Amino acid sequence: MTQPEQKNAPAAQPAENAAAEKKEVNPEKEAKRLAKLAKFQEKQAKQAAEKAAKAAAGGEKKEKKDAKKAAKPATVETPFVNTTPKGEKKDLSGPMADAYDPTAVESAWYDWWEKEKFFSPDLTTDGKLKPEGNFVIPIPPPNVTGSLHLGHALTNSIQDCLTRWHRMNGKSALYVPGCDHAGIATQTVVEKRLMKERGITRHALGRDTFVKEVWKWKDAHEDRIYDQIRRLGSSVDWDRKRFTLDPDLNKAVVEAFVQLHDEGIIYRSNRLVNWCTKLKTALSNLEVETEELEGRTMRSVPDHDDKKYEFGTIISFAYQVENSDEKIVVATTRLETMLGDTAICVNPKDARYTHLHGKYVIHPFQNRRIPIITDDYADPAFGTGAVKITPAHDFNDYQVGKRNNLEFISILTDDGLINEAGAPFTGQRRFDARLAVLEALKEKGLYVETKDNKMQLPICTRSGNVVEPMLKPQWWVDCKDMAAAALDAVKSGEMQIIPETSEKEWFRWLENIQDWCISRQLWWGHRVPAYFIRIKGHEELALTDESKYWVSGRTEEEARERALKKFPDVKEGDLVLEQDEDVLDTWFSSGLWPFSIFGWPNKTKDLDLFFPNSLLETGWDILFFWVARMVMMSMKLTGKVPFKQVYCHAMVRDAHGRKMSKSLGNVIDPLDVIEGISLELLHQRLEDGNLDPREVVKAKAGQKEDFPNGIPKCGTDALRFALLAYVSAGRDINLDILRVEGYRKFCNKLWNATKLVMMKLGDGYKPLAEIKLTGNESLADKWILSKLNSAVRDTNKYLDQMNFMQATSSVYQFWLTELCDVYLEISKPVTDGTNEEAKAACRNTLYICLDAGLKLLHPFMPFITEELWQRLPRRPSDSCPTISKAPYPKEIAEWDSPKAEKDYEFLNEVVHAIRSLISDYSIKEATVYVRASPEVAQLLSSQTPIIKTLARACKNLNVLPADGAVPVGCAPYSVTEDCNLFLLVKGFVDFEVELQKLDVKIGKAQKSLADWKKKTEVEGYEVKVKAEIREINDQKIKGLEAEIAALEHAKSNFVKLRDE
């Protein structure tokens, strides 16, 4: 496909291109240009005449309005159609399009990269790692629940940038893709979808049929996720793609469980867990978020009726002391849990309760005796100093119960109803029971008071339900020893965590680690490879200690063999095995990810070559939930740390600093930034999702506020560059989509710059056989090569440090400020000139900068750099098929030129001074005189063409000795002690007109100053007005005073020049 087929609506010709074309000597083109110009001028004259006629008829106002409407005619963008056959290399034989179009540029390349297997790790001929070493990074597997968001786009951008950089540095680079089955998240989404679309529950379908439905969901959404990864340009090895429920990975999960169970590290125990009564499963801490309540708050609860319930209060009530008129007052935020109270706790040092030690209170509804115990947990300074203890429904109380050998009474069913132990409120929903208990206490005269209470309410992230601590028999991992090993790995430097703030959190979490609950009451996931043993005729034995009746096995046959060894006196026919219905926590299988993806527990070649991984890159928010578990599991099961470095990136938030949330409407699909999307389609996405209708309304409002005109098409390269440019050592990234659009304009600059350079090189240009200089380089050539060297050095340094903000800044500075804005402008008169030696040196420098600049930029912007690099002529020895495998630039010491940089910086000062002078006096074709010391004069004289080119409106530049005569009527400007400028003003400026303009400006500024000062003179200003507002006012006043002083100075200069 040729480039003309790819372009959309024509864009205005870039200024630098237009200027260059004017200098091309082509009579035919010049004739056409003049003809077009004449036609345009004729049209302009006709429009001016019509405008004058309308004005005379009194219709000028309407004409202006019509003209304003017509100023921006609606353009219909022609949709790009990719005609390159899938997997084939794009045909670039045609001319470059007039303007950059990300859709056209990004088409076809990825399919070609993938087909050619450019992303498979390069090995030596005998199948070993390359001498440069390896770089291995596993993708943090995204949940197969839907699609990627901008947080994933950041992760992929960082990981791919590093992978491409290491690959270009000659390493055996491997980036492994995959997805996570995401047990509870995926099951919840599919359950909601089934209910919404078919009105059916998973229980109605049955386990096997429901799991088949989830696999259908997985297949559809996994494909979408992988398409997003491709669109983001991620250079992953698709031949090594993994899914956490793949058979090989299931084998690893089973092996890990059995090994750890055999060692006693995995054990069965009846302990407190976070329980969702809506989903009827235990939750990980990551699936529980806290809702901050400042006080009394009414909210609905998903597993209750539509009415709202009160939270954010603390209720005090009294217990009657046995055989006494005395009462003990306690307080609770969860009144219904008093049905499971098994102790009243007081501090042993609290003299108020010394006489009650060892005595009892009576439960008001169950007539149970509840002991009064002593424990340091009770704080004498808090409330009454007495605390109710409910060991089966509170994590702190659980520990008190264990220490004091209390009874554990569970009062709730799995779905949140009060059970028989909570009589007489059996069958009520927990928060209905809360209200009923309150009324019953009032009737008994035991209610004391209700107060507002600032608190945190635990909420299930999957269902929105209030989480309940529940006592459940579950599978647990003893993490203590494994956590100690993980701590030592970081302390010893065996593994590094970046940045340092994340390392501190690593120590804090692991030093206080608790045992890990790994079983979930779900159907989607790795089923627990453990079997309960039932002995026919003796089923009651298991009721005494059920943990003794569990065995694990890699297969049911192995489990049966183990069960027979456990109970050798039981006949085989009397022994029945029942596999646990539960599945394992998703984090258990994810914890094996770094080595299970390479075939563990089998001893594979990939495991030998690519494990341990070089780097794990992820968000700091899952440092404990995932990273710590990978390190613990890896060190325990393989004896190695899973990776040498862990890099924790910041969280992506919206432009307002808010967390990304579907209900806020600020969760953005990266493809919507790449392709652009209208507000209407953004709304449609919300309606097609799983959000509650009320949340859809809220989310639409958020989208309308943030994206009133939708999201503009930015392209992958701009999105990646913007995300990487945001990355710093901070914890948050407040992403503004408009900044991404700004980098699309940067892409357009790259496009136009390359187009200009290609034109200046000429069709027949052949680069030198190797990277070297001609020996005829000008100051400008030496300067840009020195700047290129700095950019190469800095970019490599910052990528090695994973300082992406500085790395992007280095390459951006080189391309935009130094190459495009300066050197390309300087090069035009040289390449259009007649000095062949200078032209050859300039063209060689242009080629070096373009070739190296594109390679330098490639890890950040893979698509546009491939497209542009493929258009460059190649050195005879260069047969590299793709920029993604081209050598990354390295600094060349002899190109460093501090003198060239110093001389150019001085020239730049002179140029800026000339521009400032010309701007002050509004002269179009200026004559400038320079008086300078001999050394400076020599430099300026040799670089006069450069100065005139960059100063633009400077037609004549005359360099004089320090005592040289300057014509009368010149405006002076001192650059340095050795260099003074003089702009010839007299004869070019109507002083009276300029003085009148200045008087008007001074008058307006003085009026504004008076108005602002008036605001500060009101009575009580210093007290009534906020400090930040006063500071703004002061800055405005100072700014106006400075403006007036500058205008008065300019006026004085004009008067002086007029009167000379």
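**Entry 1: the model.** I am working from a predicted model. I looked up the overall extent of the protein chain before any detail. Its C-alpha trace spans about 115 × 85 × 60 Å along the principal axes. I then looked up the secondary structure and found 35 helices and 33 strands.

**Entry 2: burial and contacts.** The protein chain has 1060 residues, and 51% of them are buried. I next took contacts between residues at least 6 apart in sequence. Of these, 78% join residues at least 24 apart.

**Entry 3: surface and charge.** For charge, I looked up 150 positive and 159 negative ones. Their mean positions lie 4 Å apart.

**Entry 4: H26.** I went to helix H26, residues 779–800. Its 22 residues reach 32 Å from the first C-alpha to the last, close to the 32 Å expected. I also looked up its cover. H26 is mostly covered, with 17 of its 22 residues buried. Just after H26, I noted a positive phi of about 60° at methionine 802.

**Entry 5: H27.** Helix H27 runs over residues 804–831. A straight helix of 28 residues would span 40 Å, but H27 spans only 36 Å between its end C-alpha atoms. Where is the kink in H27 centred? I found it at leucine 819, with an angle of about 45°.

Conventions
Residues are numbered from 1 along each chain as its sequence is written. This is a predicted model: local features need pLDDT of at least 70, side-chain atom pairs count only at pLDDT 80 or more; totals for chains, interfaces and linings use all residues. Side-chain values use heavy atoms; hydrogens and water are left out. Helices (H or I, at least four residues) and strands (E, at least two) are DSSP runs, numbered from the N terminus. The expected span of a helix is 1.5 Å times one less than its number of residues. Buried means under 20% relative accessible area, exposed over 50%, partly exposed in between (1.4 Å probe, protein chains only). The bend at a residue is the angle between axes fitted to the seven residues ending there and the seven starting there. Contact means heavy atoms within 4.5 Å. Lys and Arg count as positive and Asp and Glu as negative; His and the chain ends are not counted. The place of a charge is taken as NZ of Lys, CZ of Arg, CG of Asp or CD of Glu.
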